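Me: I would like to go through this structure with you. Could we begin with a term that I shall need later?

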Amino acid sequence: MSKGFTPSPATPAVITANDLRMGHCVWMRDGGWTADPREAELFEDEAIADLALLDAVGQGNIVVGPYLAEAKRGDDGRPEPTHFREAFRRRGPSNYFHGKQADLEASNV
């Protein structure tokens with residue numbers, strides 16, 4: 001378990017992983033998981049983030065590969081990605097237009 005930065009109010013983080021059964025990207029929310037990255041819990045305290053990450057790692061029967069991803073608080077208070085990789089992951093699979101891509105397109109109309 002490693003992290004490339006320290007969560008703080010200036011550089012908050014979310015915890016993300018992949019759903020073990022479906023393979024979809026998921027984000028930690030109140031100790032559980034959500035497919036909607038806008039519902040993810042933002043961690044601004046290193047100790048709390050570390051404990052939550054340990055909890056996520058312990059949920060190996062639900063998710064694989066949990067890690068802290070740097071995020072920012074959007075204008076609406078919800079998490080937004082700060083890195084291309086995380087922005088790409090939240091859009092869903094790139095092999096064809098379906099699922100999350102179609103849902104996002106419909107919500108942006």
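Reply: A polar contact is a pair of N or O atoms within 3.5 Å; within protein, one must be able to donate a hydrogen and the other to accept it, and residues adjacent in sequence count only if both atoms are side-chain atoms. The model is predicted: local features need pLDDT of at least 70, side-chain atom pairs count only at pLDDT 80 or more, and totals for chains, interfaces and linings use all residues. Residues are numbered from 1 along each chain as its sequence is written, and side-chain values use heavy atoms, with hydrogens and water left out.

Me: Which residue caps the N-terminal end of H1?

Reply: Asp45 does, with a side-chain oxygen 3.0 Å from the backbone nitrogen of Ala47.

Me: And how many residues does helix H1 have?

Reply: Helix H1 has 12 residues, 46-57. Helices here are DSSP runs of H or I with at least four residues, and strands are runs of E with at least two, numbered from the N terminus.

Me: Which residues of H1 are buried?

Reply: Ala49, Ala52, Leu53 and Ala56 are buried, meaning under 20% relative accessible area with a 1.4 Å probe, protein chains only. They lie on the same side of H1, because they cover an arc of only 105° around the axis, the arc being that of the directions from the helix axis to the C-beta atoms.

Me: What do the buried residues of H1 pack against?

Reply: They pack against strands S1 (13-19), S2 (25-29), S3 (32-34) and S4 (63-73).

Me: Now the whole chain: which pattern does it follow along the sequence?

Reply: The chain reads β-β-β-α-β-β-α-α, with three helices and five strands.

Conventions
The expected span of a helix is 1.5 Å times one less than its number of residues. Buried means under 20% relative accessible area, exposed over 50%, partly exposed in between (1.4 Å probe, protein chains only). Contact means heavy atoms within 4.5 Å.
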